[in-house]
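Subject: Model handover

Hello,

Here is the structure for your set. My notes on it follow below.

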Amino acid sequence: MIKTAQDMKSYKKQIQQALADSFLRSALDEFNTVYRENRPNVYKDIDFNSLRDAIAENKDSLIPFLEILFEEFKSNAQKAGAIVHRARDARQANEIIARIAKENKVKKIIKSKSMTAEETFLNTHLEKQGFIVTETDLGEWIIQLKKEGPSHMVMPAIHLSRYQVGELFEKQTDLKFDSENIDKLVKVARHELRPKFLEADMGISGANFAIADSGTLGLVTNEGNMRLTTTLPRVHVALVGFDKLLADLGSALRILKLLPRNATGQAITSYVTWIKGANQSLNTLSGKKIMHVVFLDNGRLSLSKDSVFSTSLRCIRCGACANVCPIYSKVGGHKYGHVYIGAIGLILTLFFHGKDNDRAIVKNCINCQACKEVCPVAIDLPHLIKKTYARVIKEDGKTPVKNLILSKLMKNRKLFHFALRAAYLAQQPLSRGKSMIRHLPFFMDKNHGFRSLPVIAKTPLRDIWQSLGPELKNPSLKIALFAGCAIDFIYPGQGEDLLKLMKKANIQVDFPMDQTCCGLPAMMSAQEKTAKELAIQNIQAFEAKPYDYILTLCASCASHLTHNYKKIFKEDKESGQKIKLFTDKIIDFSSFMDKVYTFPQTHENIETKVSYHAPCHLCRGLHVTNEPRALIQKAGYTYVPAKDEEVCCGFGGSYSIDFPEISSEILKKKLDNVEASGADILVTDCPGCVMQLSGGMDKRQSPIKVIHLVELLAQKK
Amino acid sequence: MGKNNLIQLMKEKAAGVGTIVHEISCVSEAIKYAVDLNRKKKLKILTCPGLDQKDRDSLQDLCKSSGMNLLKEPLRNHAYLIDTSLTWVDYGIAETGSLMLASDSEDIRMATMLAKIHVAMLPIAKIRLNTEQIEAELDEILKNNSPSYTAFITGPSRTADIERVLAIGVHGPVELHLLLIKEMKS
């Protein structure tokens, strides 16, 4: 059954196994691309953003009142003959359902798909009590035969090939099948399961909606097995999470507009069924079904009162956060969650299945924001994953040594910068005077060898800044540079290019010397206190002068400074205005060049072909998408689009050090796509991405040059 | 939206999800359609829960002369046998090509869930644009204190659970036919 790694060592082993599964890899990689490519078409008739916000707002208004909604549901459903229960936890829910089965002399049970029943491991419980349980959703039936948990919330058997399914079916039926023909395999399920429906005494379903003001359940399905499950047996039990409660039908119909679209790209599923009370059944003496609804708490009610995590109860289980996740597409759901998988799984696992099951997996988020962008209920998933990580560390009572060292070092700017300078000296024997380290020393894990490493600059940008003559006599604009560690210590040349460009336009650029790391790495390793201290240091460093803008060449810094600083000081009302003054001035390079600098359109046509990589924190973090591509063209270059331009490069700061085996696979797909575009140069506007992409190109000895957009624009006379 | 556009949209969206749509003029034409379809597919057994006695009788006659069987309710006793079901549906939802069907009666459920082919009849006047436009009617059903089982049906039964390849007719009907009937009052 489900074996989720509880420490990093065994997790790494599992990841290696997943990466070696060639079917899984190609199936999920393709799915990731197809899902994203289909989205514009799926949403062409409706406005995703406004519906999403309306649903989120509606859910938020209900979450504090789940118990009241439950009482209302109960009263209305009971009027129509249903019996409504509440279960404190998984065990109690399973016991209630087993008791209902016993009381009604049930022997055979059929089930339609329910993630909530997976959550409580209901089948295991019922089987132990001697009941025969058959899953009837095709995917669920397959994984039941395989004795596995679901690897996706909507497509539980997405990790298996038709041949693997064929083998399972052959074992089950003692017949031979042509596994090539999926249609025939599907008909095997129809043929094998039809008698099970007719023989069963009890049907168990989940529900997508529990509508309080009428006591109705809403179920959203495609195969038709749920309709049979809720119709043919004499007893129907629905297991429903408290989070599925809604006030009225209107709320459910609104969710219905997004749920199928986001989950499977359908405007609506084949069947949407509204069930209220004990319906007619000619299988019982009374002529009515025996109808029970079991509401599961299992931590939901305490979550509903949690100021940080209550928004996770908005989730409508569409599974899209996995569909777009570059990590899920490499390792699959069994290695990317416990019962609930994908981004939401990394969060819910802690609350539903405990810290031991979340300890390793919660670290496996690259913070690319892809999940947040497609979430139909606007859950800030990447943020909550880091918050979950912090809580796991707290509950464990010990911080990983690496996180502690990072935290200690970063808090003290002078010490941190001293360490970076020292790193330059340490690297000298390896770089042999070159700008890249191609061969790692023998003592390093060979998994890190997928990219050449950049060399720390001999002199950081801050040390040469004054010598570059940044002071202007009558500047038209005064801005400050937020350099970020990568520009300051690895790519000072990108900073020099910026200054060159700005001087041309009579814009003065200051480099406030007390600035330090933006704090994102601290946040990524769940060192919230350190992240806050760094934020305070930076805000103070830029307070001295009234700059028109604070410009940064790093997309990750820009997004962190803009969004996360506000989150960090959310509780702190006093600093609010101060933070806003700072964050309002932050601008990324592309936006500045496009909107403020108004970079001129050149009339020459340069044949050099330029492809673009959209940094996660620029395209999703700050929603800057057209500007960099427009700038490439304004500078006269031939822009050649590459596939999946907005997919993460696999860097993610310390992510690529913690999970090099996954980082390298994400990078590989990215570089393959860029090479296929026919580009001569790959441009991006984040030094972190430059580091990853140029390291990868160098390693594969590709002629494609990787540069920052500032370098491309500064080349112009 | 004008009446003709609404019908057009309903047809397009229903066809888009694999429903086979025809406009016909009256119920007797629908009865003939169902029997012809059954013959073409080499099927034998029909059901028609919810049809009134007159229509049921004419279907019964046509079945007899065509060598087919019309099952008597309750259908639970013949659950394995149903080939084709002919039923009314209550509303059409044009935006998604969906059909709304109050299925409180077990026979209606059996007929529309177990059949290989479901032939649904819908008076044109009962086409609505979207779910907002049937919300009041559905809510009235749900707020009634008696039990209810109401379905939105959109195309045939489908799955993509094996390799994300779309396959039709996994548990429910393999084919859904929609007959839009012109000459009927709503």
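The centres of domain 1 and domain 3 of chain A, taken over C-alpha atoms, are 30 Å apart. Chain A is divided into domain 1 (1-45 + 319-395), domain 2 (46-301), domain 3 (413-595) and domain 4 (600-714), with bounds from an automatic or database domain assignment. Between domains 1 and 3 of chain A, twelve residues of domain 1 are in contact with eight of domain 3 (contact means heavy atoms within 4.5 Å).

This is a predicted model, in which local features need pLDDT of at least 70 and side-chain atom pairs count only at pLDDT 80 or more, while totals for chains, interfaces and linings use all residues. Residues are numbered from 1 along each chain as its sequence is written, chains are lettered from A and ligands numbered from 1 in the order in which they are written, and side-chain values use heavy atoms, with hydrogens and water left out.

Cavities

There are seven cavities of 30 Å³ or more in the structure. A cavity here is a set of points, on a 1 Å grid over the protein atoms alone, where a 1.4 Å probe fits but cannot get out, and its lining residues have an atom within 4 Å of a point. Grid points are joined across faces, edges and corners, and a volume is the space filled by probe spheres set on the points. The largest cavity holds about 170 Å³. It is lined by 16 residues, and those closest to its centre are Asn367(A), Gln369(A), His383(A), Asn564(A) and Lys567(A). Domain 1 and domain 3 of chain A each give at least three residues to this lining. In chain A, helices H19 (381-396), H25 (520-524) and H27 (555-568) each supply at least two, and the largest share, five residues, comes from H27(A). Helices (H or I, at least four residues) and strands (E, at least two) are DSSP runs, numbered from the N terminus. By class the lining has four nonpolar, eight polar and four charged residues (nonpolar: Ala, Val, Leu, Ile, Met, Phe, Trp, Tyr, Cys and Pro; charged: Asp, Glu, Lys and Arg; polar: the others, Gly among them).

Sheets

In chain A, six strands form an open parallel sheet in the order S1-S10-S7-S4-S2-S3; two strands pair if DSSP finds at least two bridges between them. S1 (83-87) and S3 (132-135) of chain A are at the edges with a single partner strand each, so one side of each has no neighbour in the sheet. Neighbouring strands of this sheet are turned by 20° against each other on average, direction ignored. Within it, S4 (202-205) and S7 (235-241) of chain A pair in the parallel sense over four bridges, and Met202(A) has Val235(A) as its bridge partner in S7(A). Helix H5 (90-103) of chain A packs on the sheet, touching S1, S4, S7 and S10 of chain A, at about 150° to S1(A). Axes are lines fitted to C-alpha atoms, for helices over the stretch in contact, and angles run from 0 to 180 degrees between N-to-C directions.

A second open sheet has eight strands with mixed pairing, in the order S8(A)-S5(A)-S6(A)-S9(A)-S9(B)-S6(B)-S5(B)-S8(B). In chain A, S6 (216-221) and S9 (271-276) run antiparallel and are joined by six bridges; Gly218(A) has Trp274(A) as its partner in S9(A).

Backbone

The peptide bond from Glu73(B) to Pro74(B) is cis, with omega near 0°. Lys105(A), in the loop between H5 and S2 (108-111) of chain A, has a positive phi, near 55°.

Regards

Technical notes: On a 1 Å grid over the protein atoms alone, a cavity is a set of points where a 1.4 Å probe fits but cannot get out, and a pocket is an open set with protein on both sides within 12 Å along at least five of seven lines; lining residues have an atom within 4 Å of a point.
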